[in-house]
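Me: Could you walk me through this structure with me, one question at a time?

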Amino acid sequence: MVRDDLVDKMRHGGALMFPAAHAAPGRAAPAASSSAASPDLPEESSAQEPASAFVPAAQTQDPATAGHHAIVMTGSLRRDLRRLGVAPCAAAALALTAWFTHERLDALDRSFNAEGQAIARQVASMSDLSLYAGDLPALQNLANSALRASQVRRVEISNNAGVFVSAGQAADNLEQLRVFTAPVQLRDVSGASTFAPPGNGAGANSFTPAGAKAPIGLVQTFRDTASLDRERDRSLLAGIGIALIALLVAWASVRHMARTVSRPLRRISQAVAALEAGHFDARCDVTAPPPKAGAEGGQVHELASLAHDINRLAERLAHNHQASEQRVREATAVALQRMAEAEQAALSRARFLAAASHDLRQPLHAMGLFIDGLLPGASDAQRPSVLRLQESTQFMSVLLDDLLEVSRLDAQVLTPQLSAVSLDALFEQLAAQHGASAAQSQVRMVWRPAGRVVHTDPALLLRIVSNLIGNAIRHAPPEGTVLVAARRGARPGTVRIEVRDNGIGIAPIHQQRIFEEFYQVANTERDRRQGFGLGLSICARAAALLDTRIELRSALLEGSVFSVTLPHARQAPAIRPPAPAPAGAPLNGLRCLVVDDDDAILQATHQMLYQWGCQPVCTETVADAIALMADPGTVFDVILCDLQLAGADDGLAVIESARSLQPAALAVLISGATGPESLKQLREHGVRLLTKPVAPAKLRALLTTLRQGTPPAPAHA
C-alpha cells in the first residue's frame, strides 16, 4: 500500500509525469524475472489497492479512482508504524500483566487464609481433650506452642463453661489482623464423659450420638497481614516491572522495524524529489539481497522492487533528457544559423540597396540636371515630352529618397531633437502642405489642434503626420472628409494625434502588413502615382525613434483611424513664420567649385550653373580641387563636392580642406551613398549633405539663400 502511494505520488505529483512503475507484491526478483529485460516498466496490477494519497485535487483523476476522495496524510510513516506496533504490544502486555498479577494476588490471599485456617483447625483438634477436661495448663502450653510454631500473633481458646486461654499480644488494631476461627469438637473417646467436671456441658444431658457432635469450644487465631501486604506489593512491583520490560522490548522492536521500513522509503522519496528537481542522475540505493544458489522464484521485498523500478525510470528519464537537450541544442544551432543567415541577408540587402541607390543616383542626378537645362529652350512640340521625362525623374527621385530615409532610420544616425511643439503651428504647416492635393481630390480637411502642445522632434513628427494625411487623402472618396485632431491620451500626461478618413477601410488581414516595405493593399498594378509602399514603413521607424508607435483602427467600409501618442508639454516657444521661398533671386557672379569624377554630371552641373548666371569651375580630383582652393587669388562662394571620387579620393578631404582654405565658402557634399556606415560617418563630421538626385529647384534655393545672406539650415537635406 505504501509502495502504491509512492508510485502514485511519482505519477501525479510535481512537474515530472512518471508512468506507472510498481509491481504486485511477491513477484520474482528483477534479475530472474522475464520483465527485467524489457525496456518497458511493468504495468499496474489490478489486485492492488488504488493509491489515492499525494493526488492534487486540481488534477484530472483517473477513471478507476474517480469515486474516491483524497486522503489527507499527517505525521510520518515512522510514527504510524510505531503506533501500529507499540499500541497492540502495550495493550497485550498490560492485559497479561494485570491478569497474572491478579492471579498471583488471589493465590497469595488464598494461601494466607488457608494457612491461618489450618493453624486454627490444628489447635482446635489438639485442644479438645484438654478443653473437655478443663486442663488449663495444657491449653496454655498448647496455645504458646502454636504461637511459637506458626505465623500467628495471638491464639485464643474458649468454651461456654468459662474456660478462656490466650497466648500472644492483645489485638489493639484489628484492621491489620485477620481472624481465623475453628470449632473444637470432642473426639470419639469411650467413657470420656465420666471424667467431665460438672458444668462443662458434656454431661449425660449433653451427650449426643455419633455423627451429631456439638462443638465444645472455639479456637481463634489472629494473623498479621503485614507480610501478606509486603508480598502483594512485591508481586505488584514485579508485574509492573515485567510490563515495563515488555513495553521497552516492544518499543525497541517496533522502532527497529520502523527504521527498517522508513529508511528505504526516505531514500526512495529523496530520489523521487531529486528526479522531480531535474537531477536525473539520482538513484535509489535500496536493493534486495542476491538470490541464493539454486533458489528460483524467491520473493522480493516490495520496497526493493519499487527502488529498482524507480532506478529504471530514472535511467529512461535521463536518456530522454539527454535526447531532449540534444534536440534543443540542434534546434538552437539551426535557429542561430538561420538568424545569422537572416542578418547576413539583411546586411546584404542594405549593401545592395546602398550600392544600387548610389549607382542609380549618379545618372539620375545627371538626367535631372540635363532636363532642367533643356526645359527653358524646348519648343512647344518638345515641351510635353520633356515635362513627362521630368515627372518620371521626380518619381524615381522620390523612391530613392524613401530608400535613403529607410537606411538612415535603420542605421540610427538620426538623433531626435526633442522640444515643445505646438500642434496649432504644426497643423497650419500641414494644411498649407496638403491643401492643394486635398482640393484636387475633392476631399474636405478638418483640423482640430485644440491648442495642445507635445514634447517631441518636430521634423520627425511632421514627417509622420504628413505621410498619414497624404495616405488619408489618397484613399478618401470624392467629397469625403479627413479629420486631423489632437485628443487627450489614454495615459495621463499624453496627447493622441489622430488622422481619420471615411474611405473604404483596411481589412484585418492587411493591418499588420501595411507597415512592411513595398506592401500596398489596393495597388496591385503598382501605379507609381499611388506611392511605392514605403511611407508607413518609414513612419513606423520614425515613431519607434520617438519611443512610440502608430496605432490603427479600421474596418472594411468604415474608414481608418491612424494615431500616435506623444508626451504632453506645457508650452511651446514662439515660432517665427517661415520666410517666403526666394523666387528668381539673381545668382549672377556666384563663384562655384564643382568636384565630381562623373563627366556627365560635371557637364550638366556646369551648364545649369552657367544658365543661372554663376561662374562654375569644375574638376575631377581632390588634388586639383585643393590646388584651386589654395590659390591666393581665387575665392569661392560655394563648393559642391561628390563623396565618392575616383580611386582612393574622398570628398571629405575636399570639405576639410575647404574649411581651412576657403572658410567663407559654403561647403556642400553631394552623394548618392545611402549606406548606414556612410551616413553615420557624415553625421559625425558635421557635413552638409545633399542626396542625389538633387532637384535643381532645391539647389537653386540653397544658392539663393546664400546670395541673400541668410545662413542655410545645418540639417542634412
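Reply: Happy to! A definition to start: helices are DSSP runs of H or I with at least four residues, and strands are runs of E with at least two. Please keep in mind that this is a predicted model.

Me: How much of residues 236-254 is helix?

Reply: The unreviewed UniProt entry annotates residues 236-254 as a "transmembrane region". Across that stretch the end C-alpha atoms lie 27 Å apart.

Me: Now to the charged pairs. About how many helical turns separate Asp309 and Arg312?

Reply: Asp309 and Arg312 form a salt bridge, with their closest N and O atoms 3.9 Å apart. Both residues are buried. Because they sit 3 residues apart in helix α6 (residues 302-374), their separation is about one helical turn.

Me: Is Glu498 buried or exposed?

Reply: Glu498 pairs with Arg496 in a salt bridge whose closest N and O atoms are 2.7 Å apart. The cut-off for buried is under 20% relative accessible area. Glu498 has 1% relative accessibility, so Glu498 is buried.

Me: Which residue in strand β10 pairs with Glu498?

Reply: A second salt bridge of Glu498 has its closest N and O atoms 4.0 Å apart. The pair links distant parts of the chain, 55 residues apart, with Glu498 in strand β9 (residues 494-501). The partner, in strand β10 (residues 550-554), is Arg553.

Technical notes. Residues numbered from 1 in each chain as written. Predicted model: local features only at pLDDT ≥ 70, side-chain atom pairs only at ≥ 80, totals over all residues. Heavy atoms only, no water. UniProt positions renumbered as here; feature names shortened; annotations may be inferred. Salt bridge = Lys/Arg side-chain N within 4 Å of Asp/Glu carboxyl O. Buried < 20%, exposed > 50% of the residue type's maximum accessible area, 1.4 Å probe, protein only.
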